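Take a look at the chains, then read on.

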Amino acid sequence: MSLPALRPAAALAGAGFRRWSTYRQAAVAGVFVNIVFGVIKLSILLGVAESAGGTVAGYDAASLSTYTWVAQGMIAFVVIFSWTELAERVTTGDIAVDLARPVDLQLAWLATDLGRAGWALLSRAILPLAFGAVVYGLYVPDDPTAIVLVPLSLLAAVVVSFACRFAVNLVAFWLVEVRGIVMFYVLVSGLLGGHLIPVQMFPEWLRTLAYATPFPAMIQTPIDLVTGQATGLRAIGLVLAQLVWAAALLGAGRLVLAGATRKLVVQGG
Amino acid sequence: MADASVATAYRSIVLSRVAAQASYRTSFAIEVVSQAFIVLVEFAEVYVVFHQVDKLGGFSYAEVTLMYGIAVSAFGIADLVVGHLDQLPFYVRRGTFDAFLLRPLSPLGQLVTSDFSLRRVGRVVTGFTVLAVALVAVDIDWTPGRLLLVVVTPLAGAAIFSAVFVATSAIGFWVIEGTEFANAFTYGGNYLSAFPFTVFGTVVRRFFTFLVPVAFVAYLPSLALLGRPDPLGLPGWLSWSAVPVAVVAWIASAAVWRTGLRHYVGAGS
Amino acid sequence: MIVEARDLHREFVVRRAAGRLRRTKHTVAAVDGVTFSIAPGECVGYIGANGAGKSTTIKMLTGILVPTSGHVRVCGLEPTRERATLARRIGAVFGQRSQLWWDLPLRESFRLLAAIHRLPASVWQPRFDECVALLDMAPFLETPVRQLSLGQRMRGEVTAALLHSPELLVLDEPTIGLDLLSKEALRAFLIRERRERGTTILLTTHDLPDIERLCERLLVVDHGHLVFDGSLPALVSRVGAERVLVVDLVEPGPALDDVPGTVLRSVEADGLRQHLAFQPDRTTAAEVVAAVSALVPLRDLTVTEPDIEDVVRRLYQS
């Protein structure tokens, strides 16, 4: 992509960052809730590890703590919970304004979402991790490639998550009420992505099912790199898989968008 | 006589809510099913845990399922009746709460009846199903006392959760992001109450036993049903105390609510 | 007296960002020593600029807000302490906020309010029928409130506030955003309500015709202080508020700078359009028009009223 093409994207990302950074009290409240749930989740997982004799599915106490606090820190970053902003614009018809702009709709929303993710990383991820480090201790990866792979993997996780949310939200072109669909999506993606409990702990059939979906690529993969569950070539392979998911899902989103705009043009909304 | 007509007033409000919700049949059906589905996804955590280990915190799969079934049923009932109370900041912002104050009925009573959400009935039904399965699976030495206990426990638990909803919703009188803070205690309490308290650290355990008394919802009554002493040394009679605890919790939460309301009327918006 | 306010104060603590992280607290007096009383049957306009303290006063009178200090009695009751009792004796309409159930047909809201106020059908039904007839609400009674136009909704709000036949009706910006026809229908209804039932009315408004049509008495607040208590003509003459006659001439003419009782404000398009200001208590529009048309042939004319914000501003300056 040429530099001029990136300028509107950078501006949109900046706007996404600034818009969210005005909600400071919301960030404080969100961090508080993420930490409370993290403490409960980690307690249960540590109980499991203790019953299993110290290590469960390759996780020891330190890596379970790291799993938990990275997962809690990622909640706002990759938007593990409900996101209906785009669907609302479709329902209200405001989407027509976006379509009329001289920028690509999907890329414009992606840029805004990356800006939002940047703010979420600063405001919502650091404190849960710091809390975990002080109260429970964290595992620090000793694999030097992690320094490069973890940031890349986090970025890919946001793009995968965005591509999924984008496609799910576009369902609003066909359905008036998308709340049920979005709720279903949040539940399934959170479970299969490994947010509730690490994918490695799943029974065989559920694990196979999970890896057939893009959801581990938006939650479990970055965590695996940080906790040292995946190192070396396997780590590189996982990140490549994330990138493939990202590209495929963005492509699928464009197809849905094309169908949706055709419907909009033909039926006039 | 006056009380009878107050009841009539509330009944009219609740009936109008039910009528309004039932008028969107498809959406209503989807949401009932989604609510039931939430319970199953949450239960996947218990399922996965016991795929890895035979005991969690010293309790078997069936025993934890019993705790889970009681907790979900109790929370489901509370959520059905008062689950929208955490939306208080929204009511305040929209001015609806001021309208409550201008009518000759209790503002709390109006808030409770204003958004009675029948769709949450899905959660209650699934919760009781899980509870029934667990009761068959666990080994209980049935006595009249335990029979009474198993009937009373979900109701007492619902009363305790309702008290938590009322008390924490009052945070909304002080804080715009009160919803999030309240959720840490309501949904957080729901999450934690479904697991054996033996896995939690001392601070968490004491907090959720004596300050936000969700230990009395499922964990302690389950001990009484199973005829087990508390591994952590709480006296046995506490396991039978959910009802008086619910009463105390209600008195305390009413006081917190009144303080919040006084603050709202005093500080204004 | 149905409303008594003596030396009423209300302060708010405001936190302001001072630099990146620090916040400083300020105490702001929204209402600062207001004293007035309203006799049963009066209709009083409570006016002032945005932020002058109108809404704060209304909230204190209706029991939604406790005064920081001072004495307030409405219908002989202390509003916040006896809020539920007071709620049966007053009705309130907040133009920007709805007390109707947005997802139910309009008719249902009245049925619910009747249940809440514990009114027997024999009491509220005739009242309701009367409002429906007078406000022409029959065509949209079965429409969900969220689908009503603003004018339709406002008629519903007023009916909701009057269903229990209150002694005092408090209206906060009842005509804001309404079209001319809806405004006039609402005013006519309120005038009738007062005449038939002697209901006391207190309203805040930005709309001068509201006051001209409805209120014989005005209270003006500014920066939390009561700066005027009297009739509209008294207010206009005190601040010297002007009406302006705008005349369009048939052909460009000389400046009309010597019409008796007027001051020439401006001349546009080589004298095709001229603005003449006059004091309404010294001369009338009819006299000015007669004087002008005696001098030059007129094609068109309009009279602009003094703007209420402008009147208040002048009052504050004088």
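How many bridges join strand β8 of chain C to strand β9 of chain C? There are five, and the two strands, β8 (residues 217–222) and β9 (residues 225–230), run antiparallel. Keep in mind that this is a predicted model.

**A hairpin in chain C**

One pairing to pick out is Asp222(C), whose bridge partner in β9(C) is His225(C). Between the strands of this hairpin sit two residues, and His223(C) takes a positive phi near 50° there.

**A four-stranded sheet in chain C**

Further along chain C there is an open sheet of four strands, in the order β11-β12-β10-β13, paired in the antiparallel sense. Why do β11 and β13 of chain C each have one side without a neighbour in the sheet? Both stand at the edges with a single partner strand each, so one side of β11 (262–268) and one side of β13 (298–304) are left open in that way. On average, and ignoring direction, neighbouring strands of this sheet are turned by 20° against each other.

Now look at the pair formed by β10 (residues 243–249) and β13 of chain C: six bridges link these antiparallel strands. Val246(C) is a handy place to start, as its bridge partner in β13(C) is Thr302(C). In general, strands of a sheet pair through backbone hydrogen bonds.

Helix α9 (residues 285–295) of chain C lies across β10, β11, β12 (273–278) and β13 of chain C. What angle does α9 make with β10(C)? The helix runs at about 30° to that strand.

**Where chain B meets the other chains**

Chain B touches chain C in a contact that takes 18 residues from chain B and 25 residues from chain C. On the chain B side, α1 (2–22), α5 (96–101) and α12 (242–267) each supply at least two residues, and α1(B) gives the largest share, seven residues.

Chain B also touches chain A, with 31 residues from chain B and 30 residues from chain A. Here the elements of chain B that give two or more residues are α2 (25–52), β1 (55–56) and α9 (178–193). The largest share, 13 residues, comes from α2(B).

| Side of chain B | Nonpolar | Polar | Charged |
|---|---|---|---|
| Touching chain C | nine residues | seven residues | two residues |

Technical notes:
Residues numbered from 1 in each chain as written. Chains lettered and ligands numbered in written order. Predicted model: local features only at pLDDT ≥ 70, side-chain atom pairs only at ≥ 80, totals over all residues. Pairing = 2+ DSSP bridges. Axes fitted to C-alpha atoms, helices over the stretch in contact; angles between N-to-C directions. Contact = placed C-beta atoms within 7 Å. Nonpolar A, V, L, I, M, F, W, Y, C, P; charged D, E, K, R; others polar.
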